[in-house]
Amino acid sequence: MSGKYTAIDSQKVSLSVPAVPDSDHISVKFSESNLQTFPLSVASGNISGSSQPPRDSDDTFSKSRLGSDERQEGSWFQMFSVASYKPYFDVDTSDVVERIRESLFPFRGNFNEKISSNPDLYGPFWICTTLIFVAASIGTFVTYLAHKIKDKEWEYDINLVTWSAGLFYGYIFVVPLGLYVILKYFSVPSGLAQLLCLYGYSLFIFLPALCLSIVPLEIFRWLVAGVAGFMSASFVALNLRAHIMSAGERWHFIVAGIFLLQFALGVALKLYLFTVTV
């Protein structure tokens, strides 16, 4: 080189360094995480398939279809996500019809066992929504007939719709939630989804009762309201009795309270919607 230096453009030279094999090198492959998060990742399909809705973190109300009682962990704040409740609405019409049919036979007391692994909220939602409009429309029609028979002026009462919505939506949410808290206090196995499903289907009997209340006979209306209230109350009380018995000696009071509160719903419908004053 004799004192001369050769300038090398480092940006144009690519150095290739061969890899040196390491006999102690260990290849580690990380498997995909399978943590259970809320909401659960379930396959799409009808409710009678393998998809299962998320359960309460400490839900021992009933065993799952696979017989697993493991707790499912997740972020509680995702309960406010609409996707969290999608499995509860993934249900076939045949399943809803079958559960409605079961609610018309209140003395069997096996409804909870049939919905233990796959409770739905689709049926309860539409039952309540239908009840709201049926109750308001039939109540309006009854008052219309009463005024027309006596040749008096009739005015539509919009409060019937708002009152019916507040009654049914409020009842189907507040009562199961309150019962869930009470059962947890007494350490009784309970699941909120199962309670919502049970109470929702228990209201179906009031649909035919409301239609029959068109008959302008006061004693007949009281009879219809009483029978519907008794059947609905028996359906809820008998299905919950086996689970509430673990509360100890006070289980009689809890079951009696459930029965009377459900029966009072039928009386309230009669007093407000079908007591016509002209």
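This is a predicted model: local features need pLDDT of at least 70, side-chain atom pairs count only at pLDDT 80 or more; totals for chains, interfaces and linings use all residues.

Across the protein, pLDDT averages 74, and 68% of the residues score at least 70. Keep these confidence values in mind as you explore the rest.

**The overall fold**
- You will find 8 helices and 0 strands here, so to read along the sequence is to follow the pattern α-α-α-α-α-α-α-α.
- Of the 278 residues, 39% count as buried.
- The protein exposes about 17,200 Å², and carbon and sulfur atoms supply 63% of that area.
- If you take contacts between residues at least 6 apart in sequence, 77% of them join residues at least 24 apart.

**The nonpolar core**
- The largest nonpolar core has 51 residues, and Y199, L203 and L240 are those with the most contacts inside it.
- Elements that give two or more residues to this core include α1 (93-103), α3 (122-149), α4 (159-185) and α8 (251-273).

**A closer look at C197**
- Where does C197 lie? It lies in helix α5.
- Is C197 buried or exposed? C197 has a relative accessible area of 0%, so it counts as buried.
- Leaving aside neighbours within four places in sequence, C197 is in contact with R99, F111, I115, P119, D120 and P124.
- C197 and G123 are 74 residues apart in sequence, while their C-alpha atoms are 7.8 Å apart in space.

**Aromatic rings**
- How many aromatic pairs does the structure hold? There are 9 aromatic pairs.
- One of the pairs is F111 with Y201, which is tilted, with 5.8 Å from centre to centre and 55° between the planes.
- F111 belongs to helix α2 and Y201 to helix α5, so this pair ties together parts that are 90 residues apart in sequence.
- Both partners are buried: F111 has a relative accessible area of 2%, and Y201 has a relative accessibility of 0%.
- F125 and Y169 form a stacked pair, because their planes are at 15° and their ring centres are 6.5 Å apart.
- This pair ties together parts that are 44 residues apart in sequence, because F125 lies in helix α3 and Y169 in helix α4.
- F125, at 37% relative accessibility, counts as partly exposed, and Y169, at 34%, is also partly exposed.
- F107, F230, F259 and F263 form one aromatic cluster.

- An unreviewed UniProt entry lists residues 121-146, 166-183, 195-216, 222-240 and 252-273 under "transmembrane region".
- In the model, residues 121-146 are 96% helix and 0% strand, with end C-alpha atoms 37 Å apart.
- Residues 195-216 are 68% helix and 0% strand, and the end C-alpha atoms of this span lie 36 Å apart.

Technical notes
Residues are numbered from 1 along each chain as its sequence is written. Side-chain values use heavy atoms; hydrogens and water are left out. Helices (H or I, at least four residues) and strands (E, at least two) are DSSP runs, numbered from the N terminus. Buried means under 20% relative accessible area, exposed over 50%, partly exposed in between (1.4 Å probe, protein chains only). Contact means heavy atoms within 4.5 Å. Accessible areas come from the Shrake-Rupley method with a 1.4 Å probe; for residues, only the protein chains shown count as cover. A nonpolar core is a set of buried Ala, Val, Leu, Ile, Met, Phe, Trp, Tyr and Cys residues joined through side-chain atoms within 4.5 Å. pLDDT is the predictor's confidence in each residue, from 0 to 100. UniProt positions are given in the numbering used here, feature names are shortened, and annotations may be inferred rather than shown by experiment. Rings of Phe, Tyr and Trp (its six-membered ring) pair if their centres lie within 6.5 Å; planes under 30 degrees apart count as stacked, over 60 as edge-to-face and the rest as tilted.
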